[in-house]
Amino acid sequence: MGQDRIKQLLGQAAAEAIKPLLTPETYIGVGTGSTANYFIDALSDLKLHFAGAVASSIVSAERLQAQQIQVVSLNESGPLGVYVDGADEIDPSFSMTKGGGGALTREKIVASAAAHFICIADQTKWVKRLGQFPLPIEVIPMSRSTVARQLVALGGTPVLRENFLTDNGNEILDVHDLEIDDPAALEAALNHLPGIVTNGLFALRPADQLLMDVDGQIQTYRVGQR
Ligand code: 5RP
């Protein structure tokens with residue numbers, strides 16, 4: 001089965017999984033990326049069962065609106081019932097590397113407001129240890145060089161993502177070669193470097209549930225079950 005078809009099945013399975021969490025007052029958080037896009041497409045059958053969505057990127061907001069799903073800001077929505085998003089890597093503690101699509105800051109904000117985080121990831125994203133995928137870090141442009149030097153001191157090799165600005169008008173450094181022994185500790189340490197807006201480690205608030213394909217079937221896992 002092709003990768004796109006698996007991502008589509010993941011999106012459909014996530015729409016099914018959130019059904020019990022929905023009320024007419026519920027706002028949901030929606031991620032960004034090719035897997036999240038399939039989730040948005042699958043929401044069209046459910047749109048009468050929840051109040052609306054908060055999007056983690058402009059591109060996801062536009063895709064939701066194209067489905068006639070109401071998109072509101074996080075300030076308007078209040079707490080979210082659930083957040084659904086993909087990942088670039090996910091480990092057995094359901095810590096993730098995210099930001100391959102550059103939406104990491106809004107993704108982390110929207111995820112933080114959700115009662116429940118469902119990660120939808122095909123099995124190429126499953127890793128025993130995070131760090132094969134370069135860690136995306138969103139930086140305020142004036143801080144790029146000083147942040148890069150500090151990342152080199154931590155053992156990383158930062159590479160500026162060329163011709164790319166985030167929805168927030170910032171730049172991304174993709175950091176290779178980092179040894180990620182303790183994802184939560186590294187996430188917290190990076191949060192303290194001036195100039196870094198967000199780092200792509202999602203370990204302090206990992207996913208609660210993982211939907212992943214096994215032999216073409218979508219399985220659902222809680223931490224410790226995979
Ligand atoms: C975007 C993300 C995505 O969730 C991540 O890159 C996975 O994308 P895809 O579903 O296209 O493989 O973090 O910033």
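Helices (H or I, at least four residues) and strands (E, at least two) are DSSP runs, numbered from the N terminus. Keep those labels handy for this tour. The model is predicted, so local features need pLDDT of at least 70 and side-chain atom pairs count only at pLDDT 80 or more, while totals for chains, interfaces and linings use all residues. Residues are numbered from 1 along each chain as its sequence is written, and side-chain values use heavy atoms, with hydrogens and water left out.

**Stop 1: Thr166**

Select Thr166, in the loop between strand E8 (157-160) and strand E9 (171-176). Thr166 has a relative accessible area of 6%, so this residue is buried (under 20% relative accessible area; exposed is over 50%, partly exposed in between, with a 1.4 Å probe and protein chains only). Leaving out residues up to four places away in sequence, Thr166 is in contact (heavy atoms within 4.5 Å) with Gly102, Glu138 and Ile172. Now show the side chain of Glu138: a polar contact of 2.8 Å joins it to that of Thr166. A polar contact is a pair of N or O atoms within 3.5 Å; within protein, one must be able to donate a hydrogen and the other to accept it, and residues adjacent in sequence count only if both atoms are side-chain atoms.

**Stop 2**

Next, pick Lys7 in helix H1. Is Lys7 buried or exposed? With 13% relative accessibility, Lys7 counts as buried. Apart from neighbours within four places in sequence, Lys7 touches Ser34, Thr35, Tyr38 and Asp122. Look at Ser34: its C-alpha atom is 7.5 Å from that of Lys7, although the two residues are 27 apart along the chain.

Ser34 leads you into helix H2 (residues 34-42), whose buried residues are Thr35, Ala36, Phe39, Ile40 and Ala42. Viewed down the axis of H2, these fall within an arc of 165°, so they line one face of the helix; the arc is that of the directions from the helix axis to the C-beta atoms. Colour what they pack against: helix H1 (3-18), strand E1 (27-30), helix H3 (58-66), strand E3 (82-85) and strand E6 (117-120).

**Stop 3: strand E3**

Stay with E3. Strands of a sheet pair through backbone hydrogen bonds, either parallel or antiparallel. Two strands count as paired if DSSP finds at least two bridges between them. E3 pairs in the parallel sense with E1 over 3 bridges, and 3 bridges also join E3 to E6, again parallel.

**Stop 4: rings**

How many aromatic pairs does a search of the whole structure find? The search finds 1. The ring centres of Tyr83 and Phe117 are 5.1 Å apart and the planes meet at 85°, so the pair is edge-to-face. Rings of Phe, Tyr and Trp (its six-membered ring) pair if their centres lie within 6.5 Å; planes under 30 degrees apart count as stacked, over 60 as edge-to-face and the rest as tilted.

Finally, select Arg226, which lies over the face of Trp126 at 4.5 Å from the ring centre. The charged end of Arg161 sits over the ring of Phe164, 5.2 Å from its centre. The cut-offs are NZ of Lys or CZ of Arg within 6 Å of the ring centre and within 35 degrees of the ring normal.
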